[in-house]
Structure formats: C-alpha cells, structure tokens
Amino acid sequence: MKIIGTIIGWIIFIFICLFFIGICVSIYKRMVFKNCQNLAERGDANAQNQLGNMYLKGENCTKNETEAAKWYEKSAEQGNVNAQLNLGWMYENGVGVGQNLSEAFRWYEQSANQGNVEAQLRVGTMYFDGEGVEKNLTEAKTWLSKAAAQGNGYAQQKLDSLGKYTALLDVAEKGDASAQNLLGLMYVKGEDVKQNYDEAAKWFQKSAEQGNAAAQGSLGELYYKGQGVKQSYSEAEKWLSQAAEKGIADAQNTLGDMYYKGQGVSQSLSDAAKWYSKAAEQDNALSQNSLGSMYYKGEGVRRNYSEAFKLFSKAAEHGIAESQNSLGDMYFDGHGVKKDFAGAAGWYSKAAQLGNANAQASLGNMYSKGLGVGKNFSKAAEWYSKAAEQGVAEAQAGLGNLFYQGSGVAKSHSDALKWFSKAAEQGNNDAIGMLGIMYYKGQGTKKDYTEAEKWLSKAAADGKAEAQYYLGSMYDNGQGVEQDFSSAAGWYRKAADQGNVDAQYSLGVMYEKGRGVKEDPSEAYSLFNKAAESGSKSAKEKLASDEGFQLTIKVANKGNADAQQYLGDLYYEGERVEQDYEEALKWYEKAAVQGKAAAQCRLGDMYRSGDGTFEDDETAASWYRKSAEQGVAEAQYNLGTMYREGEGVEQDDTQAVKWFQKAADNGYARAMYEIGSMYAEGEGVSQDYAEALKYYRKAAEQGVLPAQNKLGEMYERGRNGVQKNGQEAVKWYSKAAEYNNGDKELDSDESSYVEDSLRSLCRIYMEGKLVAANDSELFKWCKKYADLFDDEQPQYMVALMYYSGKGVRQNYAGALKYFISAANNGSDDAREFLDKASVGFYSRAANEGNDFAQLLMGLYCIVKCSHTGNLEDLGAAFKWMNKAAKGGNEIAQEFLSEFSGGEENSNAVTRWVMQSAKRGDSITWKILQSMNSND
C-alpha cells in the first residue's frame with residue numbers, strides 16, 4: 001500500500017508540473033506576440049513582416065488574414081523583401097485582400113529587384129503567362145534566368161518550357177499547321193504554358209483552316225463543349241465531320257455521340273453506330289463502350305450479345321468503368337456469356353472501385369444476397385452507401401432495407417426512412433412500398449395513415465404485393481380511408497394472387513365471414529390452406545383449431561380437393577384423429593380424382609405398400625404416373641423405380657432413366673443417384689463413367705448416403721476413368737460415415753453404407769497409402785465404428801489405442817471397456833489380453849472410473865482376504881464395491897444389498913462370491929481367475 005501511495009503521489013506531482021509548464025508556455029507565447037506587436041507599431045519593418053506571418057498562420061494569436069495583409073503592406077512599403085513577396089502572394093491568391101494580379105505583380109517585382117529568388121520566379125512566370133502584366137517572353141526569360149542562376153530548379157524547368165514554346169510559336173506564327181495544332185494542344189493541356197482554351201481555340205482554328213485533321217477534331221471538341229468558344233453543335237459537327245472523314249478516332253467518337261443524341265444533327269442511331277464502329281476499330285475505348293451498348297440494347301444495329309460482350313471486354317481492359325459494369329450485368333444475367341455470379345461480382349468490383357455508381361449498387365446487392373461473393377451485410381452497406389450518395393435509387397432502397405433490418409449497420413428506422421424517402425422520390429417502387437409501410441406502422445416517424453395511403457397506393461398500383469396487402473388492411477379497418485370491405489377484398493386478392501400469405505389469410509377470413517365478398521367456405525379454406533403451406537402462422541393456427549377442423553370437414557364433403565387431401569394427410573399421419581389408413585385412402589382418392597398431384601402420389605404409396613388397401617403395383621404405378629405427369633418429383637422417382645424393378649409395369653430401363661431424369665431435373669437427389677448408377681452399369685443408357693460420376697456427385701452434395709459412399713469407393717479405387725484421389729475418397733467416406741450424426745435411426749441399407757464407409761476410413765488411415773497415416777483420425781473413425789455397430793474388430797482396435805495412448809490420450813478405463821466389449825463379441829485377441837492383464841491394469845482402470853474394473857478390484861480384494869485373512873483387504877473390497885455401485889454396476893449393487901459392510905465375516909463374503917461365480921461362466925469370473933493367477 002505504501003508503494004502505491006508513493007506512485008500516486010508522483011503521478012499527481014507530474015500532472016501539476018505539466019500544468020504549470022503549460023501556463024508558462026502560454027505566457028511566453030503572449031509575451032513574444034506582444035513584443036513583436038510593440039516593435040511593429042514603432043515602425044520596425046522586420047517586426048511588421050513577422051507580425052504578418054503570425055496573423056497569417058495563427059501563431060501566438062488568433063488567425064487573421066486581413067491583419068496579416070495590413071502588416072505585410074506596412075513592412076513592404078519600407079522595402080522589406082520578404083514582406084513584398086508575401087504581399088504579392090496574398091494579392092495573387094486573394095487572401096486577406098481582394099484578388100488583384102496587377103498589384104501582385106507590382107509587389108513581386110519590387111521583391112525580385114532586391115534579388116528574392118521566389119519573387120523572380122513569379123515575375124518571370126507572370127510575364128510568360130501574361131497575368132497581371134502584358135505578356136513578354138523576353139522579360140519572362142530574363143527573370144526566370146535570374147531565378148535559375150540562384151539555383152531554383154523550377155525556374156530552370158520554366159526556362160526549358162519557354163524555349164520549347166518560343167521555338168514552336170515562331171514556327172506557328174510563320175503559318176505551319178502542325179506547329180499551330182501543337183500549340184493549341186499545349187494550351188488545352190496546360191503543358192509548358194498555363195491552360196488557356198481561348199488561345200487553344202485560336203491556334204486550332206488557324207491549323208484547321210489549313211486542313212490539319214487533328215486540329216479540326218480538337219476545334220470541333222471545343223465547339224461541342226463550349227470551351228474557348230461559344231458552344232455550337234453546328235460548328236462542332238462541321239469540324240468533327242472533316243476530322244472524322246480523315247480517320248481521327250476521337251472525332252469519330254464524338255460525332256457518334258452527336259448522332260446518338262441528335263445534337264446539331266438529326267438523330268440517327270444507324271449513323272451513330274457507323275461512327276462508333278470506325279472509332280472502335282481504331283481501339284477507341286469510349287466508342288467500344290458506346291457501340292457495345294448499342295449491340296446490347298439493339299439500338300441502330302441488330303441486338304447481338306456476343307458482339308456487345310466482345311466490345312465491352314475491350315473497353316473494360318482500357319479501364320472504362322461503364323463497360324466493366326456492363327460486363328458485370330452480362331455475367332449476372334447470362335447474356336452473351338454463361339451466367340456466372342462470381343464473374344459478375346469481379347467486374348462490378350472493378351467498376352465500383354473506379355467510382356461507377358451503378359456497379360457500386362450492384363455490388364451492394366450481391367453482398368446483400370450472397371451472389372458470387374460471401375454474404376456480407378457490412379460490405380453491402382459500404383457499397384450501397386457509395387452508390388446512394390451518388391443518387392442511385394436502387395442503392396438508396398437497398399441501404400434503407402439494411403437500416404430497417406439492422407443488417408450490417410445498426411438498426412435505425414429513422415435512417416431507413418431517410419433513404420427510402422430519397423429512393424421513393426426517384427420513383428423506386430420498392431422504396432415507395434416500404435415508405436408506406438413505415439408511415440402505417442409509425443416506424444422512424446409518427447404514425448400517419450394519410451401518408452401511408454399515399455405511398456401504398458402508388459406501390460400497390462404498380463403491383464407490389466406487400467403494399468397491396470397493407471392497403472387492403474387500411475380499407476378493411478378504415479385507417480386513413482373510409483372503411484370499404486369490397487376495396488379491401490380487391491386489394492387482398494391482388495396481393496394473394498402474388499403469393500402474399502397475410503393477404504391470403506385475410507381474404508380467407510373475408511370469404512369465411514362473407515365480408516366484402518359472397519360467403520364461400522370452400523374458397524376461404526383454399527386460401528387458408530395456401531397461406532398455411534407458405535408458412536403463415538395465423539393460417540396454421542386457424543386450420544389447427546376446432547373451428548378450422550370443422551371447416552375442413554365441411555368443405556371436403558362439398559368437394560374441396562385441398563380439404564380432401566388435408567383430411568387424407570390427417571388420417572394417414574394420425575394427427576387430430578386416430579390413424580386410419582382406409583379413411584385416409586378414401587379422402588386421398590377424392591382429392592386425386594380432382595387432380596391433386598400430392599394425393600395421387602400418396603395413393604401410389606398406399607397401393608404399393610398395401611396400407612389401407614390391398615397391395616396393387618399396377619394401380620400404384622397408375623397413380624404415380626398421374627402425379628408424375630404433373631411434375632411431382634417424388635412420384636417421378638417412384639415411377640422410375642417401378643420401371644427399373646418391373647413392378648406394376650413391364651421392366652424398362654429406358655423408361656426408368658426417363659422418369660429418374662425428370663425427378664432429378666426437379667431437384668430430387670435420390671433420382672440423381674439412380675441415374676448415376678444406371679450410367680455406371682449401362683442400364684437404359686450407354687455406359688458412361690464420367691456421367692455416373694457427375695450424377696453421383698450431385699446426389700452426394702445433397703446428402704444422398706449411397707452416393708457419398710459410392711464416390712468414396714470410386715476415388716479410393718481409381719477405376720473406370722476416375723483418377724485415384726485419397727483426399728476426395730476421405731471427404732466422401734467421411735460424409736457418409738457421419739450420416740447419422742443427427743441420431744437418425746438407420747434402416748438396413750443405410751447401415752450397410754455407413755458401416756462400409758467407416759470400415760474404409762479405418763483402413764485408409766491405418767494403411768497410410770492414399771493419405772498419410774493418422775492415428776487421431778484412425779481412433780476417431782474406429783471408435784465411431786465400434787460404438788455404432790458393436791463390432792469386435794474396431795472395438796479391439798479402440799481398446800488397444802486407449803491402452804497405448806496412440807491417437808488418443810492413454811485411458812485404461814476406456815481400454816478395459818472396449819476390451820470387454822470385443823471379448824464379449826468373440827474377439828480371441830481381446831480375451832487373451834484380459835487373461836494376461838495384471839492387477840495393476842485393472843487397478844488403474846478402476847481409479848479412472850471404470851465401474852467394471854472397480855467391481856473386479858472389489859472381488860479381487862475379497863478373494864485375497866479369504867487367502868490372507870487380512871481384514872484390510874475386506875475394507876478395500878467394500879470401498880471398490882461402493883464406487884462400482886455408484887457407477888451403476890448391478891453386481892456391486894447386489895453385493896451391497898447383501899452386506900452392509902464393515903463387520904461381516906470374511907468367509908461369508910467369500911462364499912457369496914463363489915456362489916455368484918457358479919451362476920454362470922461370464923467373463924467377469926474368468927477375468928477374476930486371471931487376476932489371481934497373474935498376481
């Protein structure tokens with residue numbers, strides 16, 4: 001505590017010192033300023049210049065540019081060379097004084113005359129550019145030479161530029177068109193001279209009138225943009241046409257723009273395409289982009305995605321962001337190239353980084369949905385924000401959604417409202433709908449039904465289902481509008497037809513109650529059923545209620561197929577009613593006759609299995625066919641199996657493949673496996689191992705166990721055109737082996753595939769041929785194999801690994817458990833180990849918590865006591881029996897129920913042990929004999 005107090009004291013002392021130092025520094029600065037001010041007011045020119053510096057930079061005083069200029073002027077008037085330079089700078093840049101280039105030149109000149117190198121440079125430059133003084137190249141050269149002589153490198157550069165300029169000017173003034181064009185370019189680019197479009201236009205005009213094509217193109221560009229000349233599309237067209245005809249690519253591109261937009265010429269997309277094409281052939285990137293866009297849209301040319309893709313690619317390589325974005329669109333939509341979200345994201349990223357707002361919006365969308373990139377809402381928000389700030393409505397709406405949901409950004413209804421409002425003002429219908437909903441719910445703003453109705457009406461009229469639902473709800477409840485059940489039902493219907501579950505449920509209620517529509521229980525039920533199938537909690541609760549059940553029966557009896565199918569499901573599964581296959585069959589048949597595909601498929605199942613009826617494969621196949629023809633994948637698969645096995649139909653592998661393919665195309669994974677096996681065997685199709693591998697992989701990736709096992713086998717063996725690959729073999733065997741990790745009960749076929757995969761993994765990791773031997777992996781798979789299938793071989797292997805500590809931490813308790821299991825399952829090796837094991841092994845296993853070892857140690861101590869008469873052995877026996885009994889060992893529990901422990905006669909205890917031994921020849925007593933013989 002004393003040390004801590006000392007440390008705190010020093011810290012306080014240091015802070016006090018720093019405080020006083022700060023005060024001292026502040027006082028010193030004020031003194032410096034005051035002293036300088038006093039000297040300046042007495043007329044000291046250096047002090048006046050220094051005071052100007054202080055005011056300009058805010059050093060030791062508050063920054064004040066006007067005061068700075070005042071003191072510089074006082075000092076300059078006394079001839080202070082630095083003040084003259086500083087005052088010239090302030091007049092040149094309009095700092096503290098109004099900008100005045102003549103005054104700037106006057107003060108620079110005075111400073112330069114006193115030898116100030118910076119002033120000499122500025123005077124020379126102003127003579128060169130004709131700023132603040134009449135242009136005079138001779139004077140410019142004189143002053144720049146003086147500055148260069150003092151070692152000013154920039155002055156030397158200006159001298160070099162002056163040399164180039166004067167040489168070029170001399171030739172241009174003599175009428176050389178090329179020199180005149182080059183002089184114009186110097187003024188446009190600001191190279192070696194100050195940028196000056198007026199001068200550029202003058203020299204381009206002189207050159208162009210002599211027929212210089214490049215100058216004609218440049219002059220046309222100036223007229224097009226209104227730089228250095230009054231904007232004139234007609235003059236631009238005149239000069240650009242001349243240049244374009246002579247092959248100037250930039251002129252051809254701009255002329256293409258003018259024809260495309262109808263600027264100074266009659267709009268002509270075909271002429272635009274002609275000029276873009278000529279420029280594009282000369283590798284003009286802008287024309288490549290524009291022409292690509294015309295091919296993409298079919299403007300002025302026949303739509304050709306391939307040609308558009310080619311042109312966009314060329315422009316994109318030149319760094320044209322718009323083309324990069326267009327390539328992203330083409331990869332996204334699959335136009336002119338195979339759809340590839342990753343490829344789209346790559347191009348969007350390039351364009352986005354160059355600032356293309358549309359690409360930024362698209363990239364935000366891809367991150368938001370995880371298309372081509374990993375789903376990342378933070379990244380989505382980043383790119384949406386960039387595009388939204390540039391005014392892209394889609395990005396503003398997307399950013400609004402992220403704020404609304406709190407995805408990638410902190411949830412904020414006020415921010416969501418802000419961005420939805422911006423997007424809605426641009427007509428974005430998604431944002432318009434969300435804005436209406438937020439006003440309806442009072443999210444991020446005060447609840448306002450009038451505003452809600454305004455925005456929801458716009459979105460609803462444009463077909464937005466959610467907006468239609470909320471608008472229907474407003475009419476239903478009279479919120480912000482006069483209550484109108486008919487209008488409510490109309491909007492609910494529009495939303496319901498688009499799959500909006502809330503609207504389906506609400507419209508169902510209206511049909512049930514006859515509100516705004518004619519009462520129709522059958523229609524009400526169908527709507528409730530649709531909503532429930534799509535996940536509506538309200539609809540599910542409705543149908544699950546007693547009222548809903550009665551409605552189901554009522555409409556089913558009136559012929560509603562949805563209700564009939566639902567009743568069939570209830571009776572089939574035994575939900576809400578006692579399971580009754582015959583009743584289920586009755587309702588399924590009623591629904592099936594009306595064309596309900598799911599009911600037809602279930603009828604096929606029932607006739608095939610004989611549930612609720614007699615087994616009839618022909619009838620099963622007939623119902624499967626009806627369902628399959630309506631696109632039910634499960635029925636297509638089942639019909640395929642019947643053709644393959646010749647059940648209910650004549651055996652026909654070709655037909656089997658046909659129906660398996662239909663089911664596979666509908667995403668039915670098991671059918672993919674069957675197609676793979678038929679390609680492997682050449683049944684119904686030509687044998688093709690590559691196709692077999694393809695379909696096995698598709699099925700395996702969707703979790704089909706036999707496909708995973710088959711892939712593991714193919715990669716392990718490396719046959720039939722499949723290259724041996726240990727990593728792939730292990731990958732697929734592992735997936736198959738872990739098939740029941742969810743504790744699903746395996747049927748016999750599933751068990752055989754899982755067991756085969758486990759056996760293969762154990763073999764692979766033990767042999768170390770396909771992949772490196774790995775004891776940890778070997779133990780993992782052997783243990784899973786042993787635990788799942790109670791097989792002596794993996795049990796013995798696990799026991800050995802526990803015993804040796806190979807691949808797992810050494811554990812005698814675990815070793816004994818698996819040695820016993822292996823021995824009980826007939827392993828001679830396990831029995832031999834147990835016969836030869838020492839008492840020390842069992843003692844350690846007992847100490848590690850193995851209740852069987854604890855029992856053995858208890859029995860061992862009892863027998864030992866009977867030989868030695870040592871009661872300490874009897875006490876130890878009871879200790880071990882208590883531990884074993886607590887671990888659930890029944891023999892130990894039986895023993896303790898016979899003897900309370902402590903005072904029993906050792907002979908009585910021994911007799912109990914021997915009598916128990918005579919009850920059977922279990923391994924327990926054999927081990928006990930071995931323990932005594934090995935002691």
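Author: One term to start with: helices here are DSSP runs of H or I with at least four residues, numbered from the N terminus. With that, V501 sits in helix α27, which covers residues 501-513. Keep in mind that this is a predicted model.

Reader: OK, and how many helices and strands does the protein have?
Author: There are 51 helices and 0 strands.

Reader: Spread out or compact, then?
Author: Spread out. The radius of gyration is 46 Å, while the globule rule gives 30 Å for 935 residues, so the protein is more spread out than a compact globule. Along the principal axes, the C-alpha trace spans about 130 × 90 × 70 Å.

Reader: What share of the residues is buried?
Author: Of the 935 residues, 47% count as buried. The protein exposes about 45,300 Å², and carbon and sulfur atoms supply 44% of that area.

Reader: Back to V501. Which residues does V501 touch?
Author: Leaving out residues up to four places away in sequence, V501 touches A531, S534 and S536.

Reader: And how far is V501 from K274?
Author: Their C-alpha atoms are separated by 53 Å, and the two are 227 residues apart along the chain.

Reader: What about contacts across the whole chain?
Author: Taking contacts with a separation of 6 or more, 44% are between residues 24 or more positions apart.

Key:
Residues are numbered from 1 along each chain as its sequence is written. This is a predicted model: local features need pLDDT of at least 70, side-chain atom pairs count only at pLDDT 80 or more; totals for chains, interfaces and linings use all residues. Side-chain values use heavy atoms; hydrogens and water are left out. Helices (H or I, at least four residues) and strands (E, at least two) are DSSP runs, numbered from the N terminus. The radius of gyration is taken over C-alpha atoms; the globule rule is 2.2 Å times the number of residues to the power 0.38. Buried means under 20% relative accessible area, exposed over 50%, partly exposed in between (1.4 Å probe, protein chains only). Contact means heavy atoms within 4.5 Å. Accessible areas come from the Shrake-Rupley method with a 1.4 Å probe; for residues, only the protein chains shown count as cover.
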